[in-house]
Amino acid sequence: MKLKATRRIRRFDRERGCYVYDVSFTTQAPLTERTIEVAEAFGLGVDETQEHVLYRDFEFHLAEGDVVYIPPDEIGVADCRDKIVLADQQTAGDWMGLRDGLLLRLQEMGVKGLIVVEQDDYMPSVVHQRADFSVSGSPTSDNISLVQTIPAIVHVSNKDGGPLKRLVKGGGVRARVTSVVDTGWKTLYLLEAEIKGAMDPEKFLLVNGHVDTPPFSPGVTDNASGDVAMIELARILNKHKDKLRRSVRFAFWPGHELGRYAGSTWYNDAHWHEIRYNCVGFYNIDSPGVRGATRYVARHTSAETEQFCRSIIERVTGQANVPVHRPARAADQAFLANGVPSFSTYPLLPEDHPDRWAWTGGSANAWWWHSEHDTLDKTDKNILALDTQISLTAVLELANAETLPFEHVSTAQEIYDFAVELQDKVADHLDLSRVLAEAKRFQAAAQKLEDAKGQVGGDPAKGEKLNVTLMRLSRVLNPVIYSQRGRFQHDPAEWSPIMRATGRYTLAALGRAVELPHLAGKTTYGFLRAQAVRERNRVVTALHEAVRLTEGVLALL
Ligand SMILES: [Zn+2]
């Protein structure tokens, strides 16, 4: 598809007393054999030329006021009512900008606008775009208040920020900030396609990636390259669908950037039951085909899929024991509370690569992430082909596996190790002996289930029972391990710069108990302890249920 023309019209409307904007662009899709084949495979029509309207008759107002610089440790303390605040991005220790508490605190204090100085000193003239709030998907009556409403927020580059700070610190600076913010209920289009399996069509693997990109980034490596890989996978699998055991469903998420995973979050809620009972796995594709990105990681990979994911990467690339990163509520991981096993085979730039800037998330950790520099020259066709080959192997093996390749001995071990470490830190402030005992019991049962895998061959009824159990164990355990608010709600969208393999997201809710010894004697101690006791009960209950489920099916195999 080609961008044909962009139309921007700005006019001052005297009656309304403000500027009015019209922005639209047209695209052209040349009707080649290839585009027609892809469009037909997805059951779509193709228009040669199409107009996309971004804003029509859109009002915007200018914020004008005195600018004050607030150093990191004074945000939320220093008075800033009716001021335009200049602040540093690293204030929050968060690459995504001044999010969460800090933005809301500034808002409560009545700022008129905010100018944020980017922390990127590696490519100091680059501005990276991102969403400035943490609510996952559509807000609800419970969390709408967490979406900030500061009228104007702009980011300036690290290079421009230096002189700006010096100027503002000198005093007497006024600024006029223009920021176009269009907030409201929108209709988004979500493309999905399913290739039906020949033997067990009800069960499906959800292959997915986001289709949008920040407004001023071409987004070639985050995530146009991923969309290309998905289309290629669909094309190949569609040709050989008679050989597919289970179905493969493709979803192209809209609202990934500005909607904070709006598409995937909606999809999980709208298709909750079929995902809960029939989705065998969640395979996310983001940022493949980046030039120089030759190191693979098993990203967004939950414990039970770890061995499978690593073995795929090793068999296709020869890279053994690649690093594993657990999933977090980011990157369209809207299905964690639903308990779906997650895995991804991610290519990243090697540690010492000159294009690598550790703080960027997508684009294989390249410095051009979420910026105007994310262009076609940043890709490598051969690497994209290899990445797609890894994906094809992963998708095909999971869709066709007679016994699903999930093993829960690792899940049990992870919970056990976590509880041992936490018990050591909290000492007698919280008794975790039941968690430890149930984790051991579950591990023994999960090991027996592993041993039984070899014994069901040839008996489809037993095979089905085994597979259903393997899926249900994830449904019982994963919501407890990877989510804080239970099965039906969505945790705030998290940001972890490189999704470190720290286990930070494993049992995060119970993990907060680690603060108990430091709070001893304070009023807040009781609050955290009450919460920790409830979380402990949640973990024990899930483990207990997992043991019963496993022992129940073992008796039938
Ligand atoms: Zn992305």
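How many of the residues of strand 14 (residues 342-348) are buried? Seven of its seven residues are, where buried means under 20% relative accessible area with a 1.4 Å probe, protein chains only (exposed is over 50%, partly exposed in between). Strands here are DSSP runs of E with at least two residues, helices are runs of H or I with at least four, and both are numbered from the N terminus. The model is predicted: local features need pLDDT of at least 70, side-chain atom pairs count only at pLDDT 80 or more, and totals for chains, interfaces and linings use all residues. Residues are numbered from 1 along each chain as its sequence is written, and side-chain values use heavy atoms, with hydrogens and water left out.

Look at the two faces of strand 14. In a regular strand, side chains alternate between the two faces of the sheet. On one side, S342, S344, Y346 and L348 are all buried. On the other, F343, T345 and P347 are buried as well.

Next come the neighbours. Two strands pair if DSSP finds at least two bridges between them. Strand 14 and strand 13 run antiparallel, with five bridges. Within this pairing, R295 has L348 as its bridge partner. Strand 12 runs parallel to strand 14, and two bridges join them. Here F282 is partnered by S342, and Y283 stands opposite F343. Strand 12 is also mostly covered, with six of its six residues buried. It pairs with strand 10 (residues 200-210) too, parallel and over five bridges.

Now turn to the zinc ion. Which protein atoms are its donors? They are H210 (NE2), D222 (OD), D286 (OD) and D286 (OD), at 2.0 to 2.5 Å. Donors are N, O and S atoms within 2.8 Å of the metal (3.2 Å for Na, K and Ca); water is not among the atoms, so sites may look incomplete. Along the chain, the donors follow the spacing H-x11-D-x63-D. D222 sits in helix 4 (residues 220-239), and D286 in the loop between strand 12 (279-284) and strand 13 (295-299). D222 is buried at a relative accessible area of 3%. D286 is buried at 10%.

Elsewhere, five strands form an open sheet with mixed pairing, in the order 7-6-5-4-8. Strand 7 (153-156) and strand 8 (174-177) stand at the edges with a single partner strand each, so one side of each has no neighbour in the sheet. From one strand to the next, the twist averages 35°. Strand 6 (residues 113-117) pairs with strand 7 in the parallel sense over four bridges. I115 has V154 as its bridge partner there.

Finally, find D491, in the loop between helix 11 (460-482) and helix 12 (508-511). D491 counts as buried because its relative accessibility is 10%. Its side chain reaches the backbone nitrogen of R485 at 3.1 Å.

Notes:
A polar contact is a pair of N or O atoms within 3.5 Å; within protein, one must be able to donate a hydrogen and the other to accept it, and residues adjacent in sequence count only if both atoms are side-chain atoms. Axes are lines fitted to C-alpha atoms, for helices over the stretch in contact, and angles run from 0 to 180 degrees between N-to-C directions.
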